[in-house]
Amino acid sequence: MSPTEFCRNKVISSKSNFTVAFALLNNEKREAMEALYAYCREIDDIGDSGLETGIARKKLDWWEEEISNALDTPTHPITIALRKPIESCSLPLTDLLKIIGGVRQDLNHKPFASFIELESYSDHVAGAVGRLSARIFGDVRNAEVLTYASELGIACQFTNILRDIAEDRENRRVYIPLELLKKYDLNFLNGEANDTETVKSMCHEFYIIAAKKYKRAFSSLPKENYKEQRPGIIMGMIYWNLLKKMKEK
């Protein structure tokens, strides 16, 4: 199996809604996105696999070295597949490494005190992915394109947080910033039940913050870049619609 086939199989097995946007890409860009997606899935799975923390850290250590050597001596099929877009699309290794850093935070999970801390984490696990994707889709010499991609990635991560709030609490993880929980006198850390209406009010405020991020993201994308960034726009709209559906429940 070739590295390209390895990545494509990983994408297919994920059954992600995101991949519908890949059909808009030519072969070279689609293969680049499949390699990036396979990489993100591989790193994310380390954090979600339930591995003993020490083993998970060693796996991330290995990937940090692998990515750092991606242009010289890649050994994993995903890294081998990533080598071409790293060169042709000028993908920064710093953003690829940021994704690993975000998963490290999950292994040592501590509640975020503020939205500033949450945004920093979200930029690692999602903003970096947005910027890498935007570089694959097209020209990013206009800095506003990368601003759009970062903000859209963070907006999608905020949507994930709101969607998974109950599951995360069961796993003793709290991604809603403590400053917002304290505002509503909610405690998600001790496993105790909270007033349902108060939780709904808190979630609604978080929804408003996330929705504003989508609006800022799309408004910051220059019109001349719409066409080439269309796959990312579609991916963002899928998640924005998911956020809107959660509001209706």
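Is Ile86 buried or exposed at 5% relative accessibility? Ile86 counts as buried, where buried means under 20% relative accessible area, exposed over 50% and partly exposed in between, with a 1.4 Å probe and protein chains only. Before the views, a word on the model: it is predicted, so local features need pLDDT of at least 70 and side-chain atom pairs pLDDT 80 or more, while totals for chains, interfaces and linings use all residues. Residues are numbered from 1 along each chain as its sequence is written, and side-chain values use heavy atoms, leaving out hydrogens and water.

**View A. Ile86 in helix α4.**
Helices here are DSSP runs of H or I with at least four residues, strands are E runs of at least two, and both are numbered from the N terminus. Setting aside neighbours within four places in sequence, Ile86 is in contact (heavy atoms within 4.5 Å) with Ala70, Leu71, Leu91, Leu93 and Leu96. Trp63 sits 23 residues from Ile86 along the chain, and their C-alpha atoms are 16 Å apart.

**View B. Helix α2 (residues 27–48) against helix α4 (residues 77–88).**
Two packed helices are described by the angle between their axes and the distance between the axes. For this pair, the angle is about 125 degrees and the axes are 9 Å apart. Axes are lines fitted to C-alpha atoms, for helices over the stretch in contact, and angles run from 0 to 180 degrees between N-to-C directions. That makes α2 and α4 oblique to each other; under 35 degrees would be roughly parallel, over 145 roughly antiparallel, 65 to 115 roughly perpendicular, and the rest is oblique. The crossing of α2 and α4 is left-handed, i.e. the near helix is turned anticlockwise from the far one by less than a right angle (clockwise would be right-handed). On the α2 side, look for Glu28, Ala32, Ala35, Leu36, Ala38, Tyr39 and Glu42, which meet Ile78, Ala81, Leu82, Lys84, Pro85 and Ser88 of α4. By class, this contact has 9 nonpolar, 1 polar and 3 charged residues. Nonpolar covers Ala, Val, Leu, Ile, Met, Phe, Trp, Tyr, Cys and Pro; charged covers Asp, Glu, Lys and Arg; the others, Gly among them, are polar.

**View C. Helix α1 (residues 3–14) packed on α2.**
Here the angle is about 65 degrees, with the axes 8 Å apart. α1 also passes α2 in a left-handed crossing. The α1 residues in the contact include Cys7, Arg8 and Val11, and those of α2 include Arg30, Glu34 and Arg41. The contact of α1 with α2 divides into 5 nonpolar, 2 polar and 8 charged residues.

**View D. Arg30 in helix α2.**
The side chains of Arg30 and Asn27 are joined by a polar contact of 2.9 Å. A polar contact is a pair of N or O atoms within 3.5 Å; within protein, one must be able to donate a hydrogen and the other to accept it, and residues adjacent in sequence count only if both atoms are side-chain atoms. Not counting residues up to four places away in sequence, Arg30 touches Arg8, Phe22 and Leu25.

**View E. Gln229, in the loop between α10 (196–220) and α11 (230–248).**
Gln229 is buried, at 0% relative accessibility. Beyond its neighbours within four places in sequence, Gln229's contacts include Phe137, Asp139, Tyr148 and Leu221.
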